[in-house]
Amino acid sequence: VQLVESGGGSVQPGGSIRLSCLASGIIFSIKAMAWYRQAPGNQRELVATITDTGRTHYADSVKGRFTISRDNARNTVYLQMNSLEPEDTADYYCHADIRIYREFPDSYEFWGQGTQVTVSS
């Protein structure tokens, strides 16, 4: 299983960026998917999560500005980021809990390689 993020880049304060994360490989089902971020010198922090039924949760710092969504048919999760601030500058990582085989109920955690988002004037 691989998670591959795309969509990072540089934007001015107040701008928008949409991140995508595609899960590929042997996948029976995907439970929760999430976005984390890590700024230089900081610990990795949770940005937003979405369950397989579409229930979402956001960090207080991004509520009202970011929207997480997913396309189950495409095994893809998105993060729409609006009204970006310099404090949002970080490497953004996709995370997923994936059940690989129908025969086994266990799920496993996978991470993407990260995509950089820079917010600067």
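With a relative accessibility of 53%, Phe104 counts as exposed (buried means under 20% relative accessible area, exposed over 50%, and partly exposed in between, with a 1.4 Å probe and protein chains only). The model is predicted, so local features need pLDDT of at least 70 and side-chain atom pairs count only at pLDDT 80 or more, whereas totals for chains, interfaces and linings use all residues. Residues are numbered from 1 along each chain as its sequence is written, and side-chain values use heavy atoms, with hydrogens and water left out.

Phe104 sits in the loop between β9 and β10 (107–111); helices (H or I, at least four residues) and strands (E, at least two) are DSSP runs numbered from the N terminus. Together with Ile26 and Tyr101, Phe104 makes a nonpolar surface patch of about 340 Å². Patches consist of residues with over 30% relative accessible area and no salt bridge, like charges being joined within 9 Å and nonpolar side chains (Val, Leu, Ile, Met, Phe, Trp, Tyr) within 5 Å. Accessible areas come from the Shrake-Rupley method with a 1.4 Å probe, and for residues only the protein chains shown count as cover.

## Disulfide

The count of disulfides (cysteine sulfur atoms within 2.5 Å) comes to one. The partners are Cys21 and Cys94, whose sulfur atoms are 2.1 Å apart. The angle about the S-S bond is -80°, which makes the link of Cys21 and Cys94 left-handed. Because Cys21 belongs to strand β3 (residues 17–24) and Cys94 to strand β9 (residues 90–99), the pair ties together parts that are 73 residues apart in sequence.

Cys21 is buried, at 0% relative accessibility. Cys94 also has a relative accessible area of 0% and is buried.

Not counting residues up to four places away in sequence, Leu79 touches Ile17, Arg18, Leu19, Trp35, Val47, Ala48, Phe66, Thr67, Ile68 and Tyr92 (contact means heavy atoms within 4.5 Å).

## Salt bridges

Six salt bridges are found in the whole structure, each a side-chain nitrogen of Lys or Arg within 4 Å of a carboxyl oxygen of Asp or Glu. A network of salt bridges links Arg37, Glu45, Arg65, Glu85 and Asp88. In it, Arg37 meets Glu45 at 2.7 Å, N to O, and Asp88 at 2.9 Å, N to O. Since Asp88 is in the loop between β8 and β9 and Arg37 in strand β4, their pair ties together parts that are 51 residues apart in sequence.

Both Asp88 and Arg37 are buried, Arg37 with a relative accessible area of 5%. Glu45, at 38% relative accessibility, counts as partly exposed. Another of the salt bridges joins Asp71 and Arg74, with the closest N and O atoms 2.8 Å apart. Arg74 counts as exposed, its relative accessibility being 56%.

## Positive phi angles

Most residues other than glycine have a negative phi. Asn75 is not a glycine, yet has a positive phi of about 50°. Asn75 is found in the loop between β7 and β8 and, at 24% relative accessibility, is partly exposed.

Ser83, also a residue other than glycine, has a positive phi near 50°. The loop between β8 and β9 contains Ser83, which is partly exposed with a relative accessible area of 41%.

## Surroundings of His95

His95 is part of strand β9. Its relative accessible area of 7% makes His95 buried. Although His95 and Trp111 are 16 residues apart along the chain, their C-alpha atoms are separated by 4.7 Å.

Which residues is His95 in contact with, leaving aside its neighbours within four places in sequence? They are Leu3, Ala32, Met33, Ala34, Tyr36, Glu109, Phe110 and Trp111.
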